[in-house]
Number of protein chains: 2
Amino acid sequence: MSVTVVGSIAFDAVSTPFGSRERMLGGSAVHFALAASFFDLVHVVGPVGDDFGPEEHAVLRARGVDTTDVEHVPGGTTFFWRGEYGWDLNERRTLETRLGVFAEFEPKLSEASRAAEVVFLGNIQPDVQRRVREQCTEARFVALDSMNLWIETARDSLIETIGGVDCLMLNDAELRQLTREPNFVRAAARIRAWGPSVVVAKQGQYGALMITDEGFFALPAYPLETVVDPTGAGDCFAGGFMGFIAAHPAEPLEHELLAQAMAYGTALASFNVEEFGVERMLRLTSEEIAERVAELRRMTQFLERPVELRR
Amino acid sequence: MSVTVVGSIAFDAVSTPFGSRERMLGGSAVHFALAASFFDLVHVVGPVGDDFGPEEHAVLRARGVDTTDVEHVPGGTTFFWRGEYGWDLNERRTLETRLGVFAEFEPKLSEASRAAEVVFLGNIQPDVQRRVREQCTEARFVALDSMNLWIETARDSLIETIGGVDCLMLNDAELRQLTREPNFVRAAARIRAWGPSVVVAKQGQYGALMITDEGFFALPAYPLETVVDPTGAGDCFAGGFMGFIAAHPAEPLEHELLAQAMAYGTALASFNVEEFGVERMLRLTSEEIAERVAELRRMTQFLERPVELRR
């Protein structure tokens, strides 16, 4: 089993109340891949420019990520994003985006990437997502993320692409924007009518809420005393979620499996925001992940204790 | 065992995208009392004016609520609140507040109210809350709610009052405002240094997050397809939470009990918002409450399934 992810491979400049970094390895595919790499082999699909060197490749390879489909575009520049976060870290402001080699990216997947049974279409142009999805003929579970930019500029294409996946994962504000429904239950019903049977609303510091054929599942975010850099949290959530699914090839894709996958996604996201960029992921251990999932269990499980209600 | 609540007894005028009501029985003490009445005897403490008639008393008494300490102020007018909710129901706008008899309210508790072992200080002026707390000498668990108005106009008094309770329950925005900490973990640590060992952040549509001596506990809100009127949700949450605790007088006030109390609070709040004012609470049944708590369990519990993590 393996996981294929297409998405941005980027350099990020990030400023938060806790400090700033001028140039860090980032992008949705990178954050996803590092998180998912704890569970299974990950193939990264995406373009980079001349500025993407052996150091950056080494980061991915150190976690066993397959970079065969990281396409080097000679003369090009890697996608660049500059953003800043305010006091409460929930408001992100994009200061600069340079598409670079992403402007004309046409995904060409290797045999191994095409054969993955779990596929994540990270947040890029929906036509590109669809072309990746079409090449992955062996996929048993495909999930997609997107953002306000595509909802505003490519809504029809996005909805068409959503029609071909099993799971839509969006921030809850984007889910409202896409469906024009303020209510998750109704927004999810609309999405499910388009195709995906699973819808996950990412709620940032509040956690995540999922609906499947069997009903709802919700988990809070893991409470942290310090969130240093929220960038990539959603992609690490997706990486833990999809990685966990990939690691259970013999299990039916049912609510129970997806619920536990949510816990691993939540754990991975919580580690990622503890430090800038991918710093925390590079020294994360399996033991830490297992311990945090156990803590999430403890902080969400409650006993059944008899209570005699009055009338 | 019984529960005493002090708080507003009000007439509310509410407008939401689903309709409006010009004059409904409401107020923090009323919403709390109806929710808690499913668990134990509730004593309501608060003033009303000449406009508060037998019909309003009957609503409380129909659910077995003790109205001995509902003080009729001759010539006075009952507290009145007018508000409206926007499209996503998370933004509440207060259009009008008339304090009426609340302007000069001096709580005088009957023997029965003073003897309650569980006490809820609903959202009113913090000096008044403190005077009620001081009269309840038998209390084993006291919780307090407040709002931005008191944080802005009576912060020192509020902090003094918080120092005398076991549990602070606030909306998360108010918790940030009160502590000047954007982060729940640090905000809760600050509160706990003031006195209360339990802090509950009410997160509206996202649920609630608690900290006790034993750690965190979190529950999502129950997902509803239609929220008709969010007014009183926080007080019904408190009513279910405190009522559940009152119904278990022999149990130690530990994390495990409080966690299950959160589930009952969440269930009661979810029913209340399904209709305007107290309409839903008046035909709610014990069976419906038990079923919703069971559903909350199903949508938050996940199995431990082995996963072999890579390195």
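Me: Which elements of chain A and chain B each supply at least two residues of the lining of the second largest pocket?

Reply: This is a predicted model, and in it H12 of chain A contributes at least two lining residues, as do strand E13 (215-219) and helix H10 (255-272) of chain B. The space in this second largest pocket comes to about 300 Å³, and of the 14 residues that line it, A:Arg298, A:Met299, A:Gln301, B:Phe216 and B:His255 are the closest to its centre.

Me: How do the residues of that lining divide into nonpolar, polar and charged?

Reply: Seven residues of the lining of the second largest pocket are nonpolar, three are polar and four are charged.

Me: Turning to the interface, how should I read the area buried between chain A and chain B?

Reply: The size of an interface is often given as the accessible area lost when the parts come together. Here the area buried between chain A and chain B is about 5600 Å², with carbon and sulfur atoms giving 53% of that value. On the side of chain A, the three residues A:Phe302, A:Arg305 and A:Arg310 supply 16% of the area buried against chain B, more than any other three residues. Counted by contact, 61 residues of chain A meet 62 residues of chain B.

Me: How many salt bridges and how many residue pairs in polar contact are counted between the two chains?

Reply: Between chain A and chain B there are two salt bridges, one of which joins B:Glu304 to A:Arg297, with the closest N and O atoms 3.6 Å apart. Residue pairs in polar contact between these chains number 24, where both residues have pLDDT 80 or more. The side of chain A that touches chain B draws two or more residues from each of several elements, namely helix H7 (172-179), helix H8 (184-194), strand E13 (215-219), helix H10 (255-272) and helix H12 (286-298) of chain A. By class, that side has 33 nonpolar, eleven polar and 17 charged residues.

Me: Where is B:Glu274 placed, and which residues does it contact beyond its neighbours within four places in sequence?

Reply: B:Glu274 sits in the loop between H10 and helix H11 (279-282) of chain B. Apart from those sequence neighbours, B:Glu274 is in contact with B:Leu224, B:Thr226, B:Val228, B:Arg280 and B:Arg292, and a polar contact of 2.9 Å joins the side chains of B:Glu274 and B:Arg292.

Conventions: Residues numbered from 1 in each chain as written. Chains lettered and ligands numbered in written order. Predicted model: local features only at pLDDT ≥ 70, side-chain atom pairs only at ≥ 80, totals over all residues. Heavy atoms only, no water. Contact = heavy atoms within 4.5 Å. Buried area = accessible area lost by both parts, 1.4 Å probe. Salt bridge = Lys/Arg side-chain N within 4 Å of Asp/Glu carboxyl O. Polar contact = N/O pair within 3.5 Å; in protein donor to acceptor, adjacent residues only side chain to side chain. Helix = DSSP H or I, 4+ residues; strand = E, 2+ residues; numbered from the N terminus. Nonpolar A, V, L, I, M, F, W, Y, C, P; charged D, E, K, R; others polar. 1 Å grid on protein atoms, 1.4 Å probe; cavity = no way out; pocket = protein on both sides within 12 Å on 5 of 7 lines; lining within 4 Å. Points joined across faces, edges and corners; volume = space filled by probe spheres on them.
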